[in-house]
Amino acid sequence: MKKRRFKAIAASAVAGCLLLSVSVTAFATSGSGYESYKDAVKSTMLTENATVDAQFEVKDNGAIILSGNSIQKFDKESSSSKSNINIDGTTKTYETSEAGGSLIVKADDAYYSAVDDEKDEESNKNEEKDLLANSSTVKLAEMLTDTIVGDVRNQFVTDGQNISVNLEGAQIPELARLAVSAAAENIDKVDKNISNEGGNLDESMISIMNTVPKLTNIDVKSILMNATVDGNTLKNNEFTIVITGNDVDGVSHELSF
């Protein structure tokens, strides 16, 4: 199994939460407190040594259907993670360890490994670092973000180290709606890729992914973001994103991530 595919499978259980969070971050980093938040996000992206502690929860029409936590540690040479995912009273545990282009995954009591046969890992890291360090690239990204966000920058509120924004209905920029909808639709694509891959790990992931209804006619109802910024350090970043849509049987759902 190719490493990139393997990593996608290992991450699929939390893909919904992460993809939606990343989409909102890309389109909602402007407004009061924008400079502080932007600098903290940029600093985080350039960090080479860090520990990230994340909690996530998914509700379907008010009922919790999936929750869990994940801790990721990384430095210049290696990375590792441990995730606990709770579904219907059952907890599934996934651990990963990556170094020197090799990835090892432990799913409950089973181990899986893969080697990056698509591209040199060090080359990937260097390209990412060069891109982020390019002042013109960063400036262009900032200008595009300001243009996309528009008047949403006026919705951000700063209170000490806390920066927050609460958007509902028409307050949400159209491009942000499209980004979140695209992210939600990509969850279904990840699920289909897993189904085509086969294997015990894949079966475990499929059971998790099937917990979240696959929706069409997706609309974004609300976006709430709270961040704690200490200097250039993004100490905490919370998102609540609510989307609506219909499943394959036409039943309406309101999903809260």
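Reply: Here is a walk through the strands, their turns and the core.

This is a predicted model, in which local features need pLDDT of at least 70 and side-chain atom pairs count only at pLDDT 80 or more, while totals for chains, interfaces and linings use all residues. Residues are numbered from 1 along each chain as its sequence is written, and side-chain values use heavy atoms, with hydrogens and water left out.

Start with the terms for elements. Helices (H or I, at least four residues) and strands (E, at least two) are DSSP runs, numbered from the N terminus. Two strands pair if DSSP finds at least two bridges between them.

Now take β9 and β10. They pair in the antiparallel sense over 12 bridges. M225 has F239 in β10 as its bridge partner. Two residues sit between the strands of this hairpin, and G231 takes a positive phi near 65° there.

Move on to β11, residues 252–256. This strand pairs with β10, again in the antiparallel sense, over five bridges. Here G245 has H253 in β11 as its bridge partner. The hairpin of β10 and β11 has five residues between them, and G250 in the turn has a positive phi of about 85°.

Next comes the largest nonpolar core. A nonpolar core is a set of buried Ala, Val, Leu, Ile, Met, Phe, Trp, Tyr and Cys residues joined through side-chain atoms within 4.5 Å. Buried means under 20% relative accessible area, exposed over 50%, and partly exposed in between (1.4 Å probe, protein chains only). This core has 34 residues, of which Y37, L66, I85, M225 and I243 touch the most other members. Elements that give two or more residues include α3 (34–46), β1 (50–60), β2 (63–74), β3 (78–87) and β10 (233–246). β9 gives the most, with six residues. In soluble globular proteins, nonpolar side chains tend to be buried together.

Turn to the loops. Most residues other than glycine have a negative phi. N61, in the loop between β1 and β2, has a positive phi of about 50° although it is not a glycine. D88 also has a positive phi of about 50° and is not a glycine. D88 lies in the loop between β3 and β4 (90–99), and is exposed, with a relative accessible area of 75%.

Finish with D53, in strand β1. Leaving aside neighbours within four places in sequence, D53 is in contact (heavy atoms within 4.5 Å) with S70 and I71. The C-alpha atoms of D53 and S81 are separated by 9.7 Å, with the two residues 28 apart along the chain.
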